[in-house]
Amino acid sequence: MAIQNPYPWGPPYGGPPPPPPSVPARDLRPRRIWYVVAGLLGLVLAGVGVAFIVVTVKDTVDSIDTAHSFSSGDSRTFHFVRGKTKAIYVSQPGPGHVVCRIPDMGSGSMTQPSSTFRITVGSRIWDRVLEVHPGSTGDYTLTCTSAALPAEFALGDKPRVGATIGSIAAGIVCFLAALAVSATIAVVTAVRRGRHRRRLAAPPQWGPPPSAPGPWPPAGPVS
């Protein structure tokens, strides 16, 4: 039986190309520690954002003295400070006309705010209905009634709407920054490591350098 030579003119020149060399991951730059840095930085920024929002919500909830609330038609004594505005909140099942009085406070005023402010504390929804501007410091009795029954009243601090919105916006910005910074560091690290891997795995370039003399003497007569 005759065996046919698959290469009638001999084996192909040079043989098959060698496989690309394996590059250990620890040799690549930048190091993989930057992935950890991206994750930790994202967690820190996200934590700051959560802190902003949680503190803002807690301060807003604590600004209403729900522990000393009273029902419609009843009275309760509170401490007022001259020049420090206080807000009156009502929790009622539906719209109802509200009337509040502080008979013993000789100076000061009670006004209806130009904007609405609502907050949920537990299972109750509290709406700001009036603001008290004390003209003197002391303990005074507050009496409130509402046409919608049953209604519950509470005294609290004047809401700082601008500061509340600003703190919540800051928390959202921290969340977005956490996502953007972490993703940017991870992507840049991955791209640069990929380029470094290709450089290390590239086959060496054979042949003399451009400035080296050739292997043969220059043409011309031999003396």
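**Reading side-chain contacts**

A: Let us begin with a charged pair: Lys58 forms a salt bridge with Asp62, and the closest N and O atoms are 2.8 Å apart. Please keep in mind that this is a predicted model.

Q: Why are Lys58 and Asp62 separated by about one helical turn?

A: Lys58 and Asp62 are four residues apart in helix α1 (residues 33-62), and therefore about one helical turn separates them.

Q: How many salt bridges does a search of the whole structure find?

A: The general idea is a distance criterion: a side-chain nitrogen of Lys or Arg must lie within 4 Å of a carboxyl oxygen of Asp or Glu. In this structure, the search finds four salt bridges. One of the salt bridges is between Asp127 and Arg118, with 2.7 Å from N to O. Another salt bridge joins Glu131 to Arg128, whose closest N and O atoms are 2.9 Å apart.

Q: Are Glu131 and Arg128 buried or exposed? And is Arg118 buried or exposed?

A: Here the relative accessible area decides: buried means under 20%, exposed over 50%. Glu131 and Arg128 are both buried. Arg118 has a relative accessible area of 58%, so this residue is exposed.

Q: Which cysteines does a disulfide join?

A: Two cysteine sulfur atoms within 2.5 Å are taken as a disulfide. The search of the whole structure finds one disulfide, which joins Cys100 to Cys144 with an S to S distance of 2.1 Å.

Q: Are Cys100 and Cys144 buried or exposed?

A: Cys100 counts as buried, because its relative accessibility is 10%. Cys144 also counts as buried, at 0% relative accessibility. A further cysteine, Cys174, counts as buried at 14%.

Q: How do β4 and β8 run, and how many bridges join them?

A: The two strands run antiparallel, and four bridges join β4 to β8. Within this pairing, Arg101 stands opposite Thr143 in β8. The covered face of β4 holds Val98 and Cys100, whereas its uncovered face holds Val99 and Arg101.

Q: What describes a pair of aromatic rings?

A: Such a pair is described by the distance of the centres and the angle of the planes. In this structure the count comes to three aromatic pairs. For Phe70 and Phe153, the ring centres are 5.9 Å apart and the planes lie at 25°, so this pair is stacked. Phe70 lies in strand β1 (residues 70-71) and Phe153 in strand β9 (residues 152-157), so the pair ties together parts that are 83 residues apart in sequence. Both Phe70 and Phe153 are buried.

Q: What are the distance and the angle for Phe80 and Tyr140?

A: The rings of Phe80 and Tyr140 form a tilted pair, at 6.3 Å centre to centre and with 50° between the planes. This pair links distant parts of the chain, since Phe80 is in strand β2 (residues 75-80) and Tyr140 in strand β8, 60 residues apart. Phe80 counts as buried at 0% relative accessibility, and Tyr140 counts as buried at 11%.

Q: Which residues do ring pairs link into a cluster?

A: Phe70, Phe78 and Phe153 are linked into a cluster by ring pairs.

Methods:
Residues are numbered from 1 along each chain as its sequence is written. This is a predicted model: local features need pLDDT of at least 70, side-chain atom pairs count only at pLDDT 80 or more; totals for chains, interfaces and linings use all residues. Side-chain values use heavy atoms; hydrogens and water are left out. Buried means under 20% relative accessible area, exposed over 50%, partly exposed in between (1.4 Å probe, protein chains only). Two strands pair if DSSP finds at least two bridges between them. Rings of Phe, Tyr and Trp (its six-membered ring) pair if their centres lie within 6.5 Å; planes under 30 degrees apart count as stacked, over 60 as edge-to-face and the rest as tilted.
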